[in-house]
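Q: Please go through the labels for this structure and set each value against its cut-off.

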Amino acid sequence: DNKSAVKSLSSVLFGIIGQALVIGLVISVLLSLLLAKAMVTPIQNLTKAAERVAAGDFSSKPSTDAKDEIGVLTKTFNGMAVKLEKTLDDLKKSETMRREFVANVSHELRTPITSIRSYAETLQETPNMPKKTEQEFIGVIVKESDRMAKIVQDLLMLSRFDAGSIEFKFQRFSFEQSIRDVYNAMLLEAQKHRHNFTIDFKTPVPQIIGDKIRIEQVLINMV
């Protein structure tokens, strides 16, 4: 009887141990799955975020409140994405400014070239032109050549063109004389198009301080 009782007790005990092992194994597997999910999910989110950033999409960034290594990695990634987005925006703005700058310079070069050609052709076609008029025409050609050289210099500065900043050369000069120079530069072209182009100062024009060449270019663009 004692032997039967011991065997029965052993059988029950082994059954309990077996059940405990099975339950422990199931719990271990579940905990492992939960832990794996807790670790894998943030990494998957980071991977997807990296793919979006690589495609140029910065609209959504992974978020986490975790203080562990995954949390640190996520915060580092978000910081990198913000810096990358800002860098790309700056590059786009810089490229846009460069294109606009080249387009403006190309457009502004036409005016002095047209003036030089007009005055040079008139000199060529008028061999008996009065000496004084001839000297005035040559003076306009020289001034327009200087203006064109300044525009070309601005174009060469494109390599140092940074965030829209460009150097200005401020000096005191006669604004009235600048207006007269612009008038003389545009006169023949206006006459070719049969425009009544005159200049008339009602009051004295004071001297001003500014970038002479660029202010004259603004006047030319207005005309």
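A: Elements first: helices are DSSP runs of H or I with at least four residues, strands are runs of E with at least two, and both are numbered from the N terminus. Aspartate 181 is placed in helix α4. The model is predicted: local features need pLDDT of at least 70, side-chain atom pairs count only at pLDDT 80 or more, and totals for chains, interfaces and linings use all residues. Residues are numbered from 1 along each chain as its sequence is written, and side-chain values use heavy atoms, with hydrogens and water left out.

Q: How many helices and strands does the protein have?

A: The protein has 5 helices and 2 strands. Along the sequence they follow α-α-α-β-α-β-α.

Q: Why is aspartate 181 called buried?

A: Buried means under 20% relative accessible area, exposed means over 50%, and partly exposed lies in between (1.4 Å probe, protein chains only). Aspartate 181 has 9% relative accessibility, so it counts as buried. Across the protein's 223 residues, 23% count as buried.

Q: What makes the link between aspartate 181 and lysine 143 a polar contact?

A: A polar contact is a pair of N or O atoms within 3.5 Å; within protein, one must be able to donate a hydrogen and the other to accept it, and residues adjacent in sequence count only if both atoms are side-chain atoms. The side chains of aspartate 181 and lysine 143 are joined at 2.8 Å.

Q: Which residues does aspartate 181 touch, leaving out those up to four places away in sequence?

A: They are Lys143, Lys212 and Glu216. Contact here means heavy atoms within 4.5 Å.

Q: How do you know that glutamate 216 and lysine 212 form a salt bridge?

A: The definition asks for a side-chain nitrogen of Lys or Arg within 4 Å of a carboxyl oxygen of Asp or Glu. For glutamate 216 and lysine 212, the closest N and O atoms are 2.8 Å apart. The two sit 4 residues apart in helix α5 (residues 212–222), so about one helical turn separates them. Glutamate 216 is buried at 3%, whereas lysine 212 is partly exposed at 23%.

Q: Which parts of the chain does the pair of lysine 192 and glutamate 121 link?

A: Their closest N and O atoms are 3.6 Å apart, a salt bridge. The pair links distant parts of the chain: lysine 192 is in helix α4, glutamate 121 is in helix α2, and they are 71 residues apart. Glutamate 121 has a relative accessible area of 22%, so it is partly exposed. The whole structure has 8 salt bridges.

Q: Are lysine 202 and aspartate 200 buried or exposed?

A: Lysine 202 counts as exposed at 73%, and aspartate 200 counts as exposed at 55%. Their side chains meet in a salt bridge at 3.1 Å, N to O.

Q: What makes up the largest nonpolar core?

A: A nonpolar core is a set of buried Ala, Val, Leu, Ile, Met, Phe, Trp, Tyr and Cys residues joined through side-chain atoms within 4.5 Å. The largest has 9 residues, including Ile116, Tyr119, Phe137 and Leu188. Helices α2 (69–125), α3 (131–156) and α4 (175–192) each give two or more residues to this core. Apart from it lies another core of 5 residues, among them Leu46 and Phe77.
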